[in-house]
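Open the model in your viewer and keep the selection tool at hand.

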Amino acid sequence: LYIFTEPASNMPAKSIGIRLTNEGMFSPDFRNRSIAEVMVGVNKNMMFHIQGFLSDMDGKYEAEGTSFYVKYRFLSLDAAQSHFRAAAFGRISSSKRLVRSEDINLEGDNSGIQGGFIFTQLIHKLALSATLGYSKVSGRESELLSYSLSSGYLLLPFVYKNYNQPNFNLYFEVLGKTNPANGNSYVDFAPALQLILNSKTRIDLGYRFQAAGNIENRYLRNMYLARVEFNFFNALSKKQ
């Protein structure tokens, strides 16, 4: 349930999730993007997302494009109060934005493809995850390697009694990209908070900022993120 990345685990099978996300930057001018997203758990190993993007990045608020994301979990190792998951993911995106940048963002700014792997380890209340990915923009020779290290810790409840208890989680993620053609790169730090209600409603608040790097004209530098998510379990199950 990371804020800026996906875990290797999937949502429950036959379930549907709806996300509404707003992200934006305050400098040099305030710009923001809204993302409407539908997530579907096909089975215990596979899920997919469909996203639509709207923003005022080019002056007026308008539709930008769409994205399709799929994730397949190919490894699960379970133990008492811990598990390890590994998954492969892919994305194909379409955007009408024409801004050229060394950075690549397939959630609104660029058309292109992406693929990679996610590895997630849960140890009691601590969850750790690593992502390795490759992105390529359509129509021009531009590609990036992406990588992230994410950590999440369950602050509340101290003791689980039932699934209706609110969950309060603290996150810290390290997000980076490198251009293999010239070695240019950047690394962001991204702290975040998360509240989960009745195991169905999720509220995220986060902020990412550049800690180091030399890629100019970036899309996501110093960006806030606010999100609400609603999950409907067994929504695709056949009625008896």
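Buried here means under 20% relative accessible area, exposed over 50%, and partly exposed in between, with a 1.4 Å probe and protein chains only. This is a predicted model: local features need pLDDT of at least 70, side-chain atom pairs count only at pLDDT 80 or more, and totals for chains, interfaces and linings use all residues. Residues are numbered from 1 along each chain as its sequence is written, and side-chain values use heavy atoms, leaving out hydrogens and water.

Select Glu 37. Glu 37 is buried, at 5% relative accessible area. Glu 37 sits in strand 2 (residues 31–41) and Arg 19 in strand 1 (residues 16–25). Strands (E, at least two residues) are DSSP runs, numbered from the N terminus.

Next, pick Lys 177 and Asp 103. Their salt bridge has its closest N and O atoms 3.4 Å apart. Lys 177 lies in strand 9 (residues 167–178) and Asp 103 in the loop between strand 5 (82–95) and strand 6, so the pair ties together parts 74 residues apart in sequence. Both residues are buried.

Finally, go to the surface. Select Leu 132, in strand 7. Leu 132 is exposed, at 51% relative accessible area.

Key: Helices (H or I, at least four residues) and strands (E, at least two) are DSSP runs, numbered from the N terminus. A salt bridge is a side-chain nitrogen of Lys or Arg within 4 Å of a carboxyl oxygen of Asp or Glu.
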